[in-house]
Amino acid sequence: MTTPSSPTTSISTPSASTLAFIKSKREELYQQIKLSDNDPSAWDDLITFELTNGNSLTPQEKLLLYIKATDHMSSDNPNDPFLVQIWIAYIQFEWQVERNKNETKGRFDYLKQSKIGTKSSNLYLAWAQFNVQIGKLTKACELLQSAISKKVQPVKDLEMELNRIQEIIQSSSFIEENNSSLTSSSIQFQFSEPKESMREKEKE
């Protein structure tokens, strides 16, 4: 009687031609960054390519890519949608990987001080969501209320998120001690995955 063989898991390795294409395309994108004087949209093209070309990056490699982008991107227009998107994606991913509250707080404070994204609701939504994750629901509401009072656009998104958090506060028996810890274990939040590339949105 023949014993069935155990199923094997095959791990696909990129072909030589695929690797050559990736290398060539990467060099082309870095050249575009150089020619554009580190324009955020050029960095967005590179990041999108690196994250979708099939040659999977490790979390550390992905983090280093975001660090390189945020270190070199031009911030002449602090509310450039590509600049803001990349910074938010970097902060969210770093938080997911390292779970360092102080580091993440410092990133958001830096954006505020540098006025990066302060006219975009996306910054305040991400910042509020981080505060919800670490149990600071009151702080999250304050951030959203501040943005709404400044008429940061789109205001509708801010109002919807504010209402959602306020409903959680009203319907949950959580205790926020010194505004620093959420004790209700039934409330859990996760950062959403970094948003799709602005390039993809423009195609829709």
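1. Buried means under 20% relative accessible area, exposed over 50%, and partly exposed in between, with a 1.4 Å probe and protein chains only. By that rule Asp37 counts as exposed, because its relative accessibility is 61%. Asp37 lies in the loop between α1 (16–35) and α2 (40–52). Helices here are DSSP runs of H or I with at least four residues, strands are runs of E with at least two, and both are numbered from the N terminus. The backbone at Asp37 has a positive phi of about 60 degrees, although Asp37 is not a glycine.

2. A word on the basis of this note. The model is predicted, so local features need pLDDT of at least 70 and side-chain atom pairs count only at pLDDT 80 or more, while totals for chains, interfaces and linings use all residues. Residues are numbered from 1 along each chain as its sequence is written, and side-chain values use heavy atoms, with hydrogens and water left out.

3. Arg99 also deserves a look at its backbone. Arg99 has a positive phi of about 50 degrees and is not a glycine. Its place is in the loop between α4 (81–98) and α5 (101–113). With a relative accessible area of 43%, Arg99 is partly exposed.

4. Where is the cis peptide bond that involves Pro154? It joins Gln153 and Pro154, and omega is about -10 degrees. Pro154 is found in the loop between α7 (137–149) and α8 (155–171). Pro154 counts as partly exposed because its relative accessibility is 39%. The C-alpha atom of Pro154 is separated by 6.0 Å from that of Ser121, although the two residues are 33 residues apart along the chain.

5. The axes of α7 and α8 come within 9 Å and cross at roughly 155 degrees. Axes are lines fitted to C-alpha atoms, for helices over the stretch in contact, and angles run from 0 to 180 degrees between N-to-C directions. Angles under 35 degrees count as roughly parallel, over 145 as roughly antiparallel, 65 to 115 as roughly perpendicular and the rest as oblique. The two helices α7 and α8 are therefore roughly antiparallel to each other. Their crossing is left-handed, a term used if the near helix is turned anticlockwise from the far one by less than a right angle (right-handed if clockwise).

6. Which residues of α7 meet α8? On the α7 side they are Leu137, Ala140, Cys141, Leu144, Gln145, Ala147 and Ile148. In α8 their partners are Val155, Leu158, Glu159, Glu161, Leu162, Ile165, Gln166, Ile168 and Ile169. The residues of this contact (heavy atoms within 4.5 Å) divide into 12 nonpolar, two polar and two charged. Ala, Val, Leu, Ile, Met, Phe, Trp, Tyr, Cys and Pro count as nonpolar, Asp, Glu, Lys and Arg as charged, and the others, Gly among them, as polar.

7. Side chains of opposite charge can pair when their charged atoms come close. The structure holds five salt bridges, each a side-chain nitrogen of Lys or Arg within 4 Å of a carboxyl oxygen of Asp or Glu. One of them pairs Glu50 with Arg26, at 2.6 Å from N to O. Glu50 lies in helix α2 and Arg26 in helix α1, so the pair ties together parts that are 24 residues apart in sequence. Glu50 is buried at 7% relative accessibility, whereas Arg26 is partly exposed at 25%.

8. Arg107 takes part in two of the pairings described here. With Glu94 it forms a salt bridge in which the closest N and O atoms are 2.9 Å apart. Since Glu94 lies in helix α4 and Arg107 in helix α5, this pair ties together parts that are 13 residues apart in sequence. Glu94 is buried, with a relative accessible area of 5%, and Arg107 is partly exposed at 21%. In the salt bridge of Glu103 with Arg107 the closest N and O atoms are 3.0 Å apart. Glu103 and Arg107 are four residues apart in helix α5, so about one helical turn separates them. Shared partners join Glu94, Glu103 and Arg107 into one network of salt bridges.

9. Is Lys62 buried or exposed? Lys62 counts as buried because its relative accessibility is 16%. Its place is in helix α3 (residues 59–72). Leaving aside residues up to four places away in sequence, Lys62 touches Leu51, Leu57 and Phe93.
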